[in-house]
Amino acid sequence: MGGFDFDVIQRSLPYLFYEGMAFTLQLTLIATLGGVALGTVLALMRLSGQGALAGFANAYTTLFRSLPLVLVIFWCYFLLPYIGAWLTGADRPIKVGAFNSTVITFTLFEAAFFAEIMRAGIQSIPRGQAAAGYALGLTYSQVMGRIVLPQAFRNMLPVLLTQTIVLFQDTSLVYVISLTDFLGAASKIAQRDGRLVEMYVFAALVYFVISFALSQLVRTLQARFAVKR
Amino acid sequence: MPMIEIKDVSKAYGAFQVLRHCTTSVDKGEVVVVCGPSGSGKSTLIKTVNGLEPFQTGNIIVDGVSLADKATDLPKLRARVGMVFQNFELFPHLSIVDNLCLAQQKVLGRDRPAAEAKAHALLARVGLPEQADKFPGQLSGGQQQRVAIARALAMDPIAMLFDEPTSALDPEMVSEVLDVMVALAKEGMTMMVVTHEMGFARKVADRVIFMDKGEIVEDAKKADFFGNTRNPRAQAFLSKILQH
Ligand SMILES: Nc1ncnc2c1ncn2[C@@H]1O[C@H](COP(=O)(O)OP(=O)(O)O)[C@@H](O)[C@H]1O
Ligand SMILES: [Mg+2]
């Protein structure tokens with residue numbers, strides 16, 4: 001085997017980044033945007049004071065927060081075709097595909113976490129803010145969309161981004177349904193060329209650099225976006 | 001026909017009775033001051049007038065619109081009744097001018113130039129012509145409360161409700177807010193004002209209402225209220241706050 005082989009890393013860079021990292025970033029981005037949107041809806045349902053809506057949102061977040069992500073990825077991969085068939089009325093399981101299945105799974109799963117973050121964010125806004133909006137004649141959706149949620153997002157931005165960093169790292173779990181993310185790509189090369197140390201050190205370094213850069217971004221944004229009262 | 005008519009309104013939180021058979025009215029152009037000890041239901045009463053607080057029995061009629069009627073379009077009614085809060089409640093993520101324009105554009109459908117023109121005119125009127133592009137956090141309490149009054153006035157309200165507008169202010173800022181309110185009263189605005197500023201009441205109030213334990217115990221012309229209040233609870237309250 002010899003010493004540390006930098007060459008194997010260099011040779012595999014296009015594969016690692018254009019295939020592996022591209023997938024990882026795509027999944028992280030879509031699941032974050034989808035998860036925040038769905039999570040915000042769940043948080044509003046939870047806080048609506050309407051028994052059925054609040055109950056559903058509560059059950060949803062409790063369920064997803066109690067299951068390991070690997071298990072959910074696995075189950076969704078096998079069940080989504082059947083659920084899709086049931087929803088569309090088709091008489092055989094529909095083709096979802098591993099990538100779509102993963103995007104849906106991560107979005108649904110992350111939504112449970114983003115819902116809790118947004119709920120805390122909404123509750124951090126004094127009630128008088130909403131009252132002032134209503135007193136001006138704004139409707140519920142205007143009060144939420146223009147007054148409460150923009151402030152809640154700003155207050156929660158650091159926590160939302162921290163959750164995104166966790167998500168970025170969790171995407172490596174897609175190996176269970178044979179998808180290749182960045183870590184999966186590194187792993188394949190490592191096995192093929194017998195260069196485990198090089199590839200796993202390099203992978204760790206890349207994860208660290210990106211996560212560290214994101215958390216620095218969190219700090220900068222925190223200082224910049226904090227709402228002054 | 002009165003502008004605001006409160007008829008036998010009661011409200012309870014569970015077993016706790018916040019409002020007991022409250023009845024009063026405010027005529028067009030009239031200024032009514034509401035006072036009473038803390039916890040007597042003043043905030044609750046004034047918030048029932050624009051439907052921010054629901055009530056269980058009785059009725060409130062604002063400019064002919066019944067609040068007990070389930071079919072009443074509450075946002076539409078609220079757009080016509082201005083409200084000023086103890087804690088200002090400016091929107092901290094919006095600039096001052098955006099605070100004044102938001103509801104003008106979203107609720108009244110004014111275009112941006114018209115809303116801005118109105119905003120600038122009102123900021124000048126409350127003595128803050130230079131602050132339009134600042135954010136609420138950059139202003140003093142007194143300035144914020146004047147902006148809040150301007151924000152309510154931007155909707156061209158038929159009446160204004162004030163809930164202890166000066167009680168969160170440092171003493172040296174009270175008068176700049178009261179001056180704006182006095183000017184408003186003299187221009188003929190219909191006003192219902194919860195306050196313990198008896199100087200304000202003496203200056204511009206037409207009537208004074210005294211509340212205790214959810215009840216309106218005294219509802220008198222200003223001269224009668226300050227001259228010879230018959231109600232012992234109101235007398236005790238008055239002598240207490242006038243000492244300060
Ligand atoms: N949401 C609520 N649930 C239970 N009690 C409340 C609620 N809001 C207000 N109260 C009670 O109602 C009473 C009247 O409150 P309020 O109208 O704010 O009085 P005031 O403005 O005269 O100080 C107080 O005793 C207060 O504790
Ligand atoms: Mg009060």
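Me: What makes the shell around ligand 1 come out as 4 nonpolar, 6 polar and 1 charged residues?

Reply: This is a predicted model, and the shell holds Tyr13(B), Phe16(B), Val18(B), Pro37(B), Ser38(B), Gly39(B), Ser40(B), Gly41(B), Lys42(B), Ser43(B) and Thr44(B). Tyr, Phe, Val and Pro count as nonpolar and Lys as charged, while Gly is put with the polar ones. Sorted that way, the shell has 4 nonpolar, 6 polar and 1 charged residues.

Me: How do you know that the side chain of Lys42(B) makes a polar contact with ligand 1?

Reply: The cut-off for such a pair of N or O atoms is 3.5 Å. An N or O atom in the side chain of Lys42(B) is 2.8 Å from an oxygen atom of the ligand, so the pair qualifies as a polar contact. Ser43(B) also has a polar side-chain atom 2.7 Å from a ligand oxygen.

Me: And what about Tyr13(B) and the nitrogen atom of ligand 1?

Reply: Here the distance is 3.4 Å. The limit is 3.5 Å, so this pair counts too. As for cover, ligand 1 taken alone exposes 560 Å², and the protein buries 59% of that.

Me: Which elements give two or more residues to that shell?

Reply: They are β2 and α1 of chain B. Helix α1(B) gives the most, with 3 residues.

Me: Why are β2 and β5 of chain B called edge strands?

Reply: Look at the order of the open sheet, which is β2-β1-β4-β5 in chain B, with antiparallel pairing. β2 (16-26) and β5 (65-66) each have a single partner strand, so one side of each is left without a neighbour in the sheet. Helix α1 (residues 42-49) of chain B packs on this sheet and touches β1 (4-13), β2 and β4, its direction making about 55 degrees with that of β2(B).

Me: What makes β9(B) and β10(B) a pair?

Reply: β9 (residues 207-212) and β10 (residues 215-221) of chain B run antiparallel over 6 bridges. Two would be enough, so they count as paired. One of the facing pairs is Val208(B) with Ala220(B) in β10(B).

Me: How many residues lie between the strands of this hairpin?

Reply: There are 2 residues between β9(B) and β10(B), and Lys213(B) in the turn has a positive phi of about 50 degrees.

Methods: Residues numbered from 1 in each chain as written. Chains lettered and ligands numbered in written order. Predicted model: local features only at pLDDT ≥ 70, side-chain atom pairs only at ≥ 80, totals over all residues. Heavy atoms only, no water. Helix = DSSP H or I, 4+ residues; strand = E, 2+ residues; numbered from the N terminus. Contact = heavy atoms within 4.5 Å. Axes fitted to C-alpha atoms, helices over the stretch in contact; angles between N-to-C directions. Near = heavy atom within 4 Å. Polar contact = N/O pair within 3.5 Å; in protein donor to acceptor, adjacent residues only side chain to side chain. Areas by Shrake-Rupley, 256 points an atom, 1.4 Å probe, with all protein chains shown as cover.
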